[in-house]
Amino acid sequence: MTKVISIANQKGGVGKTTTCVNLAASLAAMQKKVLVIDCDPQGNATMASGVSKFGLEKSITNVLIDGLDVKEAIVKETEGDFHLIPANEDLTAAEVNLLDKFGRENFLKKAIDPIKSEYDLILIDCPPSLNILTVNALCASDSILVPLQCEYFALEGLTLLIETVDQLATAVNPKLKIEGILRTMFDNRNRLSTDVSDELKKNFGDLVYETIIPRNVRLAEAPSYGKPAMYYDKSSVGSKAYLALAAEVIEKTK
């Protein structure tokens with residue numbers, strides 16, 4: 001059974017796109033059929049997958065606004081061995097357009113429902129805000145994976161996100177839940193990182209993944225080469241961490 005997971009956090013710079021692309025590549029390396037949907041107008045997941053966001057002929061914007069068959073927007077050749085529905089800055093206009101549409105929160109869900117059975121997992125890279133694009137992603141999803149940098153204000157943002165999930169579950173998507181909380185950019189030399197990590201485990205227990213994503217130069221460098229980290233430097237600690245996360249995600253889907 002296909003699982004649709006949004007990678008979401010309204011706070012920017014916490015590793016959403018890094019997590020989406022590297023988790024997708026790691027799952028694909030474990031023989032899973034994976035589709036990544038870039039729902040961020042910045043198009044970073046598109047570029048990090050080795051696909052240029054410039055001059056796209058077909059993208060998620062065409063699917064949401066023009067009614068393009070989603071199959072026609074899928075890019076099957078990426079650097080991570082997964083499929084991709086790309087995005088670029090045109091998605092900003094789509095966001096505005098959706099605001100005037102009836103049933104605007106379900107456009108993405110209706111678009112991808114016909115192809116869900118073709119994949120084991122679908123990962124949606126969300127923008128760093130709780131806008132209509134993020135709401136579309138959450139309404140199309142079974143669950144949310146929350147990348148969280150271990151710093152003080154991250155806990156406050158997590159509380160807000162959980163409240164939003166509860167509201168959406170009540171209003172439009174009863175099955176929506178938190179898939180897991182992922183500690184990212186972790187520096188074990190930093191006392192604050194350790195304290196926040198301990199607080200997360202104390203308050204959220206099994207929702208917190210055992211895997212911790214460390215601060216890693218290779219993870220930061222890989223997108224500039226249009227590759228997931230495991231295709232840039234498979235021996236790096238960042239690559240190994242995302243492979244461990246993929247194993248956890250697979251275990252949860254059993």
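**A parallel sheet and its helices**

In this predicted model, seven strands build an open sheet whose order is β3-β2-β4-β1-β5-β6-β7, and the pairing within the sheet is parallel. Its edges are formed by β3, covering 83-85, and by β7, covering 208-214, each of which pairs on one side only. Averaged over the sheet and with direction ignored, neighbouring strands are turned by 25° against each other.

Turning from the strands to the helices, α1 (residues 16-29) lies across β1 (3-7), β2, β4, β5 (143-149) and β6 (177-186), and its direction makes an angle of about 165° with β4. Helix α8, which spans residues 152-171, lies across β5 and β6 and runs at about 170° to β5.

Two packed helices are described by the angle between their axes and the distance between the axes. For α8 and helix α9 (residues 191-204), the angle is about 30° and the axes are 9 Å apart. Because angles under 35 degrees count as roughly parallel, α8 is roughly parallel to α9. On the α8 side the contact is made by Y152, L155, L158 and I162, while α9 contributes L192, V196, E199, L200 and F204.

Conventions
Residues numbered from 1 in each chain as written. Predicted model: local features only at pLDDT ≥ 70, side-chain atom pairs only at ≥ 80, totals over all residues. Heavy atoms only, no water. Pairing = 2+ DSSP bridges. Helix = DSSP H or I, 4+ residues; strand = E, 2+ residues; numbered from the N terminus. Axes fitted to C-alpha atoms, helices over the stretch in contact; angles between N-to-C directions. Contact = heavy atoms within 4.5 Å. Parallel < 35°, antiparallel > 145°, perpendicular 65-115°, else oblique.
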